[in-house]
Amino acid sequence: MIAKSDFKIVHINLNNENILIRPMEYADYDNVYQLWSTIHGFRIRSIDDSRDGIYRFLNRNPSTSIVAVNKNKQIVGAILCGHDGRTGCLYHVCVREDYRKKGIGDAMTNSCIEALKREHINKISLIAFKENEVGNKFWKDEKWSKREEINYYDLSLNDENISKYIE
């Protein structure tokens, strides 16, 4: 596991605005959750995406999840990124609508990829809901491969972990 101090902080200059890509911290939770709540088509789980759920995720993956922060210290993008020692996974990849198509999603994804490489992870997966046209176009443009030969299965271990759809 790499230390947060080893994370390469990235700066993106957008028309006189400097966007900072840095590791996600516990203190970011409220702002990240608020961002998620504005993303059309997003799904937020009642337990997994709660403060305690995200703290557990960050404890397990302290150096791979990232946020994009604007000059006003607002979080305009975020990715939950982790791994099981074998495969990395990206969750809740999002960029605030008015900051899209400016290279932030690409820079965040590359930051996660580099963090996973430093932890000797050789493969990354993600899930994009079929109705998420913006997300699916982004991943296709980024040259990610859509898997047609597999079926994805879920088993809920907690019926209270309700998924809320953001319209």
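Tyr-29, Asp-30 and Trp-36 of helix α1 meet Arg-51, Ile-54 and Tyr-55 of helix α2, contact being defined as heavy atoms within 4.5 Å. By class, this contact has four nonpolar, no polar and two charged residues; Ala, Val, Leu, Ile, Met, Phe, Trp, Tyr, Cys and Pro count as nonpolar, Asp, Glu, Lys and Arg as charged, and the others, Gly among them, as polar. The model is a predicted one, in which local features need pLDDT of at least 70 and side-chain atom pairs count only at pLDDT 80 or more, while totals for chains, interfaces and linings use all residues. Residues are numbered from 1 along each chain as its sequence is written, and side-chain values use heavy atoms, with hydrogens and water left out.

Helix α1 spans residues 29-36 and helix α2 residues 51-60, and the two pack at an angle of about 110° with their axes 11 Å apart. That makes α1 roughly perpendicular to α2, a term that covers angles of 65 to 115 degrees, whereas angles under 35 degrees count as roughly parallel, those over 145 as roughly antiparallel and the rest as oblique. Axes are lines fitted to C-alpha atoms, for helices over the stretch in contact, and angles run from 0 to 180 degrees between N-to-C directions. The crossing of α1 past α2 is right-handed, that is, the near helix is turned clockwise from the far one by less than a right angle. Helices (H or I, at least four residues) and strands (E, at least two) are DSSP runs, numbered from the N terminus.

His-92 counts as buried because its relative accessibility is 19%, the limits being under 20% relative accessible area for buried, over 50% for exposed and in between for partly exposed (1.4 Å probe, protein chains only). Not counting residues up to four places away in sequence, His-92 touches Trp-36, Phe-42, Arg-43, Asp-49, Ala-78, Ile-79 and Leu-80. With one of these, Asp-49, the His-92 side chain makes a side-chain polar contact at 2.9 Å. A polar contact is a pair of N or O atoms within 3.5 Å; within protein, one must be able to donate a hydrogen and the other to accept it, and residues adjacent in sequence count only if both atoms are side-chain atoms.

Arg-43, another residue touched by His-92, belongs to strand β3 (residues 43-45). With a relative accessible area of 28%, Arg-43 is partly exposed. Its side chain makes a polar contact with that of Glu-131 at 2.8 Å. Leaving aside neighbours within four places in sequence, Arg-43 is also in contact with residues including Asp-49, Phe-129, Ser-163, Lys-164 and Tyr-165. Arg-43 and Ile-162 are 119 residues apart in sequence, yet their C-alpha atoms are 9.6 Å apart in space.

Attention can now pass to the loops. Thr-64 sits in the loop between α2 and β4 (66-69) and is buried, with a relative accessible area of 1%. The Thr-64 side chain reaches the backbone oxygen of Cys-81 at 2.5 Å. Beyond its neighbours within four places in sequence, Thr-64 is in contact with Cys-81, Gly-82, Cys-112, Ala-115, Leu-116 and Glu-119.

The loop between β6 and α3 holds Arg-100, which is partly exposed at a relative accessible area of 27%. Its side chain reaches the backbone oxygen of Val-95 at 2.8 Å. Leaving aside neighbours within four places in sequence, Arg-100 is in contact with Ile-39, Val-95 and Val-134. Arg-100 and Val-76 are 24 residues apart in sequence and 9.2 Å apart from C-alpha to C-alpha.

Lys-101 lies in the loop between β6 and α3 (104-118). Lys-101 counts as exposed at 82% relative accessibility, and its phi is near 65°, a positive value in a residue other than glycine. His-120, in the loop between α3 and β7 (124-126), also has a positive phi of about 65° although it is not a glycine. His-120 is exposed, with a relative accessible area of 65%.

Asp-141 is placed in helix α4 (residues 133-141). At 44% relative accessibility, Asp-141 is partly exposed, and its side chain makes a polar contact with the side chain of Lys-137 at 2.6 Å. Asp-141 and Asp-159 are 18 residues apart in sequence, with 36 Å between their C-alpha atoms.
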